[in-house]
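Hello,

Here is the structure we spoke about, with its sequence. Please open it first, then read the notes below.

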Amino acid sequence: MSYTSASTTYRHANVAGLSVFYREAGPKEAPTIILLHGYPSSSRMYDSLIPLLADRYHLIAPDYPGFGQSEAPPPSRYRYTFDHLAETIGALLQQLNVDRYVLFMQDYGGPVGMRMAVGNPQRVRGLIVQNANAYEEGLGPKWAGIARYWADPADHPEQVEAFTSLEGAKQRHLGNSPHPERYNPDTWMDEFALLSRPGQREIQAAPLYDYRTNVAAYPVWQAWLRQHMPPTLVMWGRFDPSFIVPGALAYARDIPDAEIHVLDAGHFALDEQADAVAQLTREFLARRIAT
């Protein structure tokens with residue numbers, strides 16, 4: 001393709017007094033895709049995908065507050081709940097005059113995006129799901145330990161330690177992949193550097209604790225899917241021990257015509273299958289989303 005990453009712009013917007021960073025590429029008159037990142041990444045996780053889509057689509061990839069290049073105020077100044085993160089990203093899009101879009105959701109992008117969808121269904125043209133869980137059967141074994149943290153945070157600080165550790169960042173990428181040599185170690189080293197900034201442990205503990213509200217909201221999200229039946233593409237890395245394959249297959253229960261693909265990849269499928277993700281995305285958008 002003739003498009004290159006050099007065509008991407010990197011900007012900050014003031015959203016309710018907070019500096020929010022975002023990447024933007026592609027023609028603004030084209031259908032817009034909002035790329036919502038996971039933990040502990042940022043919009044940078046989409047660097048390999050953006051040039052593969054931006055010849056035909058308008059792409060906006062924001063960093064949530066506390067992540068990447070966005071401002072990271074302490075929890076005393078910003079509520080790090082998924083409700084508030086969704087509100088902030090929604091306000092950014094309103095400021096950018098973007099009122100119709102496809103949501104591309106990975107990991108944390110799921111609860112952020114589903115809140116945006118439930119709150120403003122008329123804005124959602126379609127969903128692209130990449131290891132973004134919305135079903136209890138998609139929760140891997142490690143969530144039992146996190147559930148104990150939800151029940152008594154003070155008694156389980158080890159969950160936050162593991163969540164923000166270098167080994168945690170590494171394993172989040174490698175998962176159970178039989179091909180660790182395909183993964184760039186700079187990815188988790190860079191993420192750990194961001195997690196090591198002053199105040200980050202307190203910041204990241206907040207959404208980890210608030211994640212319990214996402215599990216509680218699964219029935220609401222599922223009802224929304226059944227009611228609105230958005231065109232939906234699901235791409236799921238089979239080597240992800242956190243969000244397991246049954247969570248991908250469950251989308252068909254509420255959206256029978258969802259296109260579901262299980263990839264030989266981990267939690268961050270773009271690490272290992274960027275070309276396949278781009279091809280599946282382009283084919284889905286060409287078939288299901290009018291230009």
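Helix 7 gives the most to the lining of the largest pocket, namely 5 residues. This is a predicted model, and the volume of that largest pocket comes to about 470 Å³. It is lined by 21 residues, of which Ser41, Arg44, Met45, Asp47 and Thr187 are the closest to the centre. Helix 7 spans 185-195; both helix 7 and helix 12 (270-288) supply at least two lining residues each. By type, the lining of the largest pocket holds 5 nonpolar, 8 polar and 8 charged residues.

The second largest pocket has about 300 Å³ of space. Of its 15 lining residues, Lys142, Ala162, Gly168, Gln171 and Arg172 lie closest to the centre. Helix 5 (157-163) and helix 6 (166-174) each supply at least two residues to this lining. The lining of the second largest pocket divides into 5 nonpolar, 7 polar and 3 charged residues.

The charged end of Lys142 sits over the ring of Trp143, 5.8 Å from the ring centre. The charged end of Arg172 sits over the ring of Phe163, at 5.2 Å from its centre. Trp143 and Phe163 both belong to one aromatic cluster, which also includes Tyr39, Tyr64 and Phe243.

In total there are 17 aromatic pairs. In one of them, the ring centres of Tyr218 and Trp221 are 5.6 Å apart and the planes are at 55°, so the pair is tilted. Tyr218 and Trp221 are 3 residues apart in helix 9 (residues 212-228), so about one helical turn separates them. Both Tyr218 and Trp221 are buried.

Regards

How values were computed:
Residues are numbered from 1 along each chain as its sequence is written. This is a predicted model: local features need pLDDT of at least 70, side-chain atom pairs count only at pLDDT 80 or more; totals for chains, interfaces and linings use all residues. Side-chain values use heavy atoms; hydrogens and water are left out. Rings of Phe, Tyr and Trp (its six-membered ring) pair if their centres lie within 6.5 Å; planes under 30 degrees apart count as stacked, over 60 as edge-to-face and the rest as tilted. Helices (H or I, at least four residues) and strands (E, at least two) are DSSP runs, numbered from the N terminus. Buried means under 20% relative accessible area, exposed over 50%, partly exposed in between (1.4 Å probe, protein chains only). A charge sits over a ring if NZ of Lys or CZ of Arg is within 6 Å of the ring centre and within 35 degrees of the ring normal. On a 1 Å grid over the protein atoms alone, a cavity is a set of points where a 1.4 Å probe fits but cannot get out, and a pocket is an open set with protein on both sides within 12 Å along at least five of seven lines; lining residues have an atom within 4 Å of a point. Grid points are joined across faces, edges and corners, and a volume is the space filled by probe spheres set on the points. Ala, Val, Leu, Ile, Met, Phe, Trp, Tyr, Cys and Pro count as nonpolar, Asp, Glu, Lys and Arg as charged, and the others, Gly among them, as polar.
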